[in-house]
Amino acid sequence: MGVEIEEVARTIKRPDLVQMYYYLRLTRTLEDRITALYRQGRIVGGVYTSNGMEAVAVGYASALEPDDIIAPYHRDMGAFLVRGITPGEVVAQYLGKRTGPTKGKDGNVHIGDLKRGIIGFVSHLADNYPVATGAALSFRLRGEPRVVVTNTGDGGTSRGDFHEAMNFASVRKLPVVFFCNNNQYAYSTPLNLQMAIPNVVDRAKAYAIPGEIVDGNDVAAVHLAAKRAVQRARSGEGPTFIECKTMRMHGHSEHDSAKYVPRELLEEWKKRDPILKAEQWLTRLGYGDETLFREVEERVKKEVEAGVEFAEQSPLPEGPEVLDGVFAD
Amino acid sequence: MTTTAQAQREVTYLEAIREALDEEMARDERVFLLGEDIGPYGGAFRITEGFQDKYGDWRVLDTPLSESGIVGAAIGAAMMGMRPVVEMQFADFISCAFDQITEVGAKNHYRWGAAVPMVIRAPFGGGVHGGPFHSECPEGWFFHSPGLKLVAPSTPYDAKGLLKAAIRDNNPVIYFEHKFLYRRIKAVLPTEDYVVPIGTADVKRPGRDISVITYGAMVHVALEAAESLTQEGLDLEVVDLRSLIPLDKQTIFESVKKTSKAIVLHEDNKTGGVGAEVAALLAEECFDCLDGPILRIAAPDTPVPFSTPLEEFFLPKAGDVVAAARKLAAY
């Protein structure tokens, strides 16, 4: 599950790790800011954060080429940002503004944008698994060396669509990488009431898909596992399943205080915070120190504030716009 | 120039579907087929027989038994620029893919602008002793879901032209092909490429007295009724909707404004079906010109039964249309 410093030093260059650290910070700061807006009553819908799990999305998204595609789930804010969605667009989406990626048609993390290689998420968990498989199928049909990465939570792996997609992708050796964010709880349901197996990765065995367990709080570990899987997919060897062990540090959404989670468990995971962990790597590798950390912190704060300002000044859609876009021309 | 022999060739409804698929696959390499048993076996109804030899096993893709996975995959491929055509084997099994169709395929364009140019071929309808799971008319389930186009051809000409239009459309289209018609009706088709535009109804038989608004296999039931009523001096107009969404309201309204009387006929269960919507639209838009109640003829609100006398009772028949027409004529 863990990675050795030699491997990280050999495979991740300084600018890449610094950039991953920047996206971890940007994700945390942006989502914290959105949570604060929610508590001030300035957001109309729900808020779903990736607090404590930022390393998964940042790790896999930064392992991709620009032509590749992601089909994320609702705790993948870091992947949206790596793909070029701006903090301003994210806040605009949360506020239902016309400048959000769905122009007010959908809210919060339901962000999709094919120009930036993002397949939009639907609330029905694991629905993106078959869709990602289909995108991978199109690359296989056209002989394009492109890869698709999709993600869902541990709860989502109980859905039929999860299994249907894994089976199909494996039978046809499609260039798709299946991620699972095992964050211990599906809403309030703990893992042991979700499945009778200790590790989600065991589910991949039934489909002859190679599986791997990764420390989901370690951006370097996630990134390296994603790189290997993406390489495997690109070279025609088929899908890989990667289970990221992590912990959801907030409720399912901000209206959920998550009282069902033992406090000691949260305290334990807090010590393994992904941002802290990335700082440890940067320090140990000699890539950066406190000065760098403060610089990045200041930079993302400014970017997030600019984003909030952009979003708040953006117009709301007009009511009749509800009628637009049901069909494509 | 085509020879007379070519121009005169007669094809069945099933062959018309096969021709549309073949021609679209030859015309556009983005078009590919996926579904259960469609490869060497040629599909449950042998519509794709020989296709895999011609187009290879990636463009005619035999899939695992996995309707939601298949439709989800088609959605993903469609968003990436392909033109997938899914075969649902029996329309009944579409229930397994309901979530992907209504929640993903139907909504992606509205939510974030991603077009999903996908066709789902759904062999539907009864009269073939298929029982509760091989005879359903599930169009009503989707009629209520914005973002989908629904078509249901009744003739070989429409079957071919609507399938071509569906494949070329940039939206998810569910193509309800009626199993009862597969080998029972034939027509001479044009040799040149043509499409039947989605969203256009067709007056299959002009008439002055009563409009029968229908689609699918029931078009033939309506035509049979119309034929028998000529002896009584009653002249039925048969409007074939062809497209359920978008619905060609103009053609429906024009017909009813002309005849002043309307029968709405479909094979699906009565409650909450397409016919209920048509009747409500007529009540809203054509009330002033109606000379009698809008009558609905549909299957009872039961699952499709298996045994012959039960299925006979279940399916609407020409006699039902005749009786309704006589009742309306008295107003």
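The largest cavity in this predicted model is lined by P72(A), Y73(A), F121(A), V122(A), H124(A), L125(A), A126(A), D127(A), N128(A), N151(A) and T152(A). A cavity here is a set of points, on a 1 Å grid over the protein atoms alone, where a 1.4 Å probe fits but cannot get out, and lining residues have an atom within 4 Å of a point. The volume of the largest cavity is about 40 Å³, volume being the space filled by probe spheres set on the points, with grid points joined across faces, edges and corners. A search of the whole structure finds 1 cavity of 30 Å³ or more. By class, the lining holds 6 nonpolar, 4 polar and 1 charged residues; Ala, Val, Leu, Ile, Met, Phe, Trp, Tyr, Cys and Pro count as nonpolar, Asp, Glu, Lys and Arg as charged, and the others, Gly among them, as polar. Rolling a probe the size of a water molecule over the atoms shows where empty space is left.

Residues are numbered from 1 along each chain as its sequence is written, and chains are lettered from A and ligands numbered from 1 in the order in which they are written. Local features need pLDDT of at least 70 and side-chain atom pairs count only at pLDDT 80 or more, while totals for chains, interfaces and linings use all residues; side-chain values use heavy atoms, with hydrogens and water left out.

One of the residues lining the cavity, D127(A), sits in the loop between α5 and α6 of chain A. Helices (H or I, at least four residues) and strands (E, at least two) are DSSP runs, numbered from the N terminus. D127(A) has 0% relative accessibility and so counts as buried, where buried means under 20% relative accessible area, exposed over 50% and partly exposed in between (1.4 Å probe, protein chains only). Leaving aside residues up to four places away in sequence, D127(A) touches V122(A), R159(A) and D161(A), along with D99(B), Q100(B) and V104(B); contact means heavy atoms within 4.5 Å.

N108(A) is buried, with a relative accessible area of 12%. Q184(A), again not a glycine, has a positive phi of about 80° and is placed in the loop between β3 (176–182) and β4 (185–186) of chain A. In chain B, a cis peptide bond with omega of about -5° joins I245(B) and P246(B), and P246(B) belongs to the loop between β12 and α10. Most residues other than glycine have a negative phi, and most peptide bonds are trans.

Turning to open space, the largest pocket has a volume of about 370 Å³. A pocket is an open set with protein on both sides within 12 Å along at least five of seven lines. Of the 20 residues that line the largest pocket, G127(B), F180(B), V221(B), L315(B) and P316(B) are the closest to its centre. Both α9 (218–229) and α12 (308–314) of chain B supply at least two residues of this lining, and α9(B) gives the most, with 4 residues. The lining of the largest pocket comprises 9 nonpolar, 5 polar and 6 charged residues.

Among the helices of chain B, α11 (residues 274–285) has 12 residues and reaches 17 Å from its first C-alpha to its last, close to the 16 Å expected at 1.5 Å a residue; the expected span is 1.5 Å times one less than the number of residues. Its buried residues are V274(B), G275(B), V278(B), A279(B), L281(B) and L282(B). Seen down the axis of α11(B), these fall within an arc of 160°, so they line one face of the helix, the arc being that of the directions from the helix axis to the C-beta atoms. Partners in this packing are α7 (139–143), β10 (210–214), β12 (243–245), α10 (249–259), β13 (262–269) and β14 (295–299) of chain B. Within α11(B), V278(B) is buried at 2% relative accessibility. V278(B) touches I213(B), L241(B), L247(B), I252(B) and V264(B), residues up to four places away in sequence not being counted.

Helix α4 (residues 67–79) of chain B has 13 residues and reaches 18 Å between its first and last C-alpha, close to the 18 Å expected. Here 13 of the 13 residues are buried, so α4(B) is largely enclosed by the rest of the structure.
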